[in-house]
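Q: I have a new structure open and would like to learn how to read it. Can we go through it feature by feature?

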Amino acid sequence: GTKPLTFKNYFVYGMGNFASQLSWTMVGTYLSLFYTDVFGLSVGAVAMLMLVAKIWDGINDPMMGTLMERTHTKWGRFRPYIFAGAPLLVVFTILTFTVPGFGDTGKLVYAYITYIGLGMAYTVTNVPYTALPAVMTRDPKEINRLNAAQMMGMTIGQIVLNLFVLKLVLWIGNGDQAAGYRGTAAVLAFIALPVFWA
């Protein structure tokens, strides 16, 4: 039989969703604001971008699931993706919150590439992450506890972010919103990386 999971297993697994939120809550809560107020996109352009990214996600997620099912490595089926996906998530989080020195069309293209790239990096990291409980244990009670730990990690991540992000943006940017957002995204992304790898 397998050894029962320890508190540490639950804690570390729950922290994974905390790490996800460091990137994703920042995107979900502040990206539209950043795109319109700092980046300089119109509300319509932002809405269209979010729609296109959503549609692509719907195609991309099942593809990722199929890919994982066919993966067999000595580190397991899921871990290599989390390991490779986490640094990509860091890079794309920072790029998404960076204002490039392009013209309007260039900026829009840049926004599409970085935001959709971010979504894909998130998929590569998160689809296997949420699939992990099923391979960590066969005990339904333990699977429930892992899922509860993940939900707690998510909730704590969202609360922490909503409390501190705008303060960090002001503090890091010191009056320069573009620098503030980019710096905040970088700080959060780099905190998230080791947590994902754990």
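Q: Which residues in H4 meet H5, and which residues in H5 do they meet?
A: Start with the kind of model: this one is predicted. On the H4 side, the residues are Tyr129, Thr130, Pro133, Ala134 and Met136. They meet Ile143, Leu146, Asn147 and Gln150 in H5. By class, the residues of this contact divide into 6 nonpolar, 3 polar and no charged.

Q: How do I describe the way two helices pack?
A: Two packed helices are described by the angle between their axes and the distance between the axes. Take helix H4, residues 104-136, with H5. Their axes come within 9 Å and cross at roughly 155°.

Q: Which word describes the direction of H4 and H5 relative to each other?
A: An angle over 145 degrees counts as roughly antiparallel. H4 and H5 are therefore roughly antiparallel to each other. Their crossing is right-handed.

Q: At what angle do H5 and H6 pack, and how far apart are their axes?
A: Helix H5 covers residues 140-173, and helix H6 covers residues 177-197. They pack at an angle of about 125°, and their axes are 7 Å apart. That makes H5 oblique to H6. H5 passes H6 in a right-handed crossing.

Q: Which residues of H5 and H6 meet?
A: H5 brings Leu161, Val165, Leu166, Leu168, Val169, Ile172 and Gly173. H6 brings Gln177, Ala179, Gly180, Tyr181, Gly183, Thr184, Val187 and Leu188. The residues of this contact divide into 10 nonpolar, 5 polar and no charged.

Q: How do H1 and H5 pack?
A: Helix H1 runs over residues 7-39. H1 and H5 pack at an angle of about 40°, with axes 7 Å apart. That makes H1 oblique to H5. The crossing of H1 and H5 is right-handed. By class, their contact has 14 nonpolar, 11 polar and 2 charged residues.

Q: Now single residues. Is valine 165 buried or exposed?
A: Relative accessible area under 20% counts as buried. Valine 165 has 1%, so this residue is buried. Valine 165 lies in helix H5. Leaving out residues up to four places away in sequence, valine 165 touches Met26, Tyr30, Thr184 and Leu188.

Q: Where is valine 46 found, and what does valine 46 touch?
A: Valine 46 is in helix H2. At 5% relative accessibility, valine 46 counts as buried. Not counting residues up to four places away in sequence, valine 46 touches Ser32, Tyr35, Thr36 and Leu41. Valine 46 and asparagine 147 are 101 residues apart along the chain, and their C-alpha atoms are separated by 33 Å.

Q: Is threonine 123 buried or exposed?
A: Threonine 123 is buried, at a relative accessible area of 5%. This threonine sits in helix H4. Beyond residues up to four places away in sequence, threonine 123 touches Asp57, Asn60, Asp61, Met64 and Pro128.

Q: What about valine 109?
A: Valine 109 is also in helix H4. Its relative accessibility is 45%, so valine 109 counts as partly exposed.

Q: Where is threonine 71 found?
A: Look in the loop between helix H2 (43-69) and helix H3 (79-96). Threonine 71 counts as buried, at 12% relative accessibility. A polar atom of the threonine 71 side chain lies 2.8 Å from the backbone oxygen of leucine 67. Apart from residues up to four places away in sequence, threonine 71 touches Arg77 and Tyr81.

Q: What is phi of asparagine 174?
A: Phi is near 50°, a positive value in a residue other than glycine. Asparagine 174 has its place in the loop between H5 and H6.

Q: Is asparagine 174 buried or exposed?
A: A relative accessible area over 50% counts as exposed. Asparagine 174 has 69%, so this residue is exposed.

Terms used
Residues numbered from 1 in each chain as written. Predicted model: local features only at pLDDT ≥ 70, side-chain atom pairs only at ≥ 80, totals over all residues. Heavy atoms only, no water. Axes fitted to C-alpha atoms, helices over the stretch in contact; angles between N-to-C directions. Helix = DSSP H or I, 4+ residues; strand = E, 2+ residues; numbered from the N terminus. Parallel < 35°, antiparallel > 145°, perpendicular 65-115°, else oblique. Left-handed = near helix turned anticlockwise from the far one by under 90°. Contact = heavy atoms within 4.5 Å. Nonpolar A, V, L, I, M, F, W, Y, C, P; charged D, E, K, R; others polar. Buried < 20%, exposed > 50% of the residue type's maximum accessible area, 1.4 Å probe, protein only. Polar contact = N/O pair within 3.5 Å; in protein donor to acceptor, adjacent residues only side chain to side chain.
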